[in-house]
Amino acid sequence: MNGGDSAAFLALFGDDSIVTDWGDRYVGIAAISEWNDREMIGARGRLTVSEVKTRPNEIIFNGDWKSSVFTGPGRFVLHLDGERIREMRISAA
């Protein structure tokens, strides 16, 4: 995300992946791509990670998010399916 490479970011997701961003749900790569253009890389987002926890098939991290849409702390929970993100949930830290 911080590198601004949408193609590389979207390659982390599968065709049927899910992103839930503070309750808003995006299903499938087309919806995630639109969300990315509007809320993440397209909003010039930058994430500074402050804490990381890992479990089998799961990564949880807190960080400070800054973009033209939102600035503040957040928690990111990634559920993995192999090397792809099956689901990413973003919520209050």
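## Ile59 and its surroundings

Ile59 touches Val52, Lys53, Thr54, Phe76, Val77, Leu78 and Leu80, leaving out residues up to four places away in sequence. Contact here means heavy atoms within 4.5 Å. Ile59 sits in strand β4 (residues 58–66). Its C-alpha lies 8.0 Å from that of Phe76, 17 residues away in sequence. Ile59 counts as partly exposed because its relative accessibility is 26%; that class falls between buried (under 20%) and exposed (over 50%), with a 1.4 Å probe and protein chains only.

## Basis

This is a predicted model: local features need pLDDT of at least 70, side-chain atom pairs count only at pLDDT 80 or more, and totals for chains, interfaces and linings use all residues. Residues are numbered from 1 along each chain as its sequence is written, and side-chain values use heavy atoms, without hydrogens and water.

## The sheet

Six strands form an open sheet with mixed pairing, in the order β2-β1-β6-β5-β4-β3. Strands β2 (24–27) and β3 (46–55) are the edges, each pairing on one side only. Pairing requires at least two DSSP bridges between two strands. Strands are DSSP E runs of at least two residues; helices are H or I runs of at least four.

Strand β1 (residues 13–21) pairs with β6 in the parallel sense, over five bridges. Helix α2 (residues 29–39) lies across β1, β2, β4 and β6.

## Glu87

Glu87 belongs to β6 (residues 84–91), and Ile18 stands opposite Glu87. Beyond neighbours within four places in sequence, Glu87 contacts Ile18, Thr20, Val77, Leu78 and His79.

Terms used: Axes are lines fitted to C-alpha atoms, for helices over the stretch in contact, and angles run from 0 to 180 degrees between N-to-C directions.
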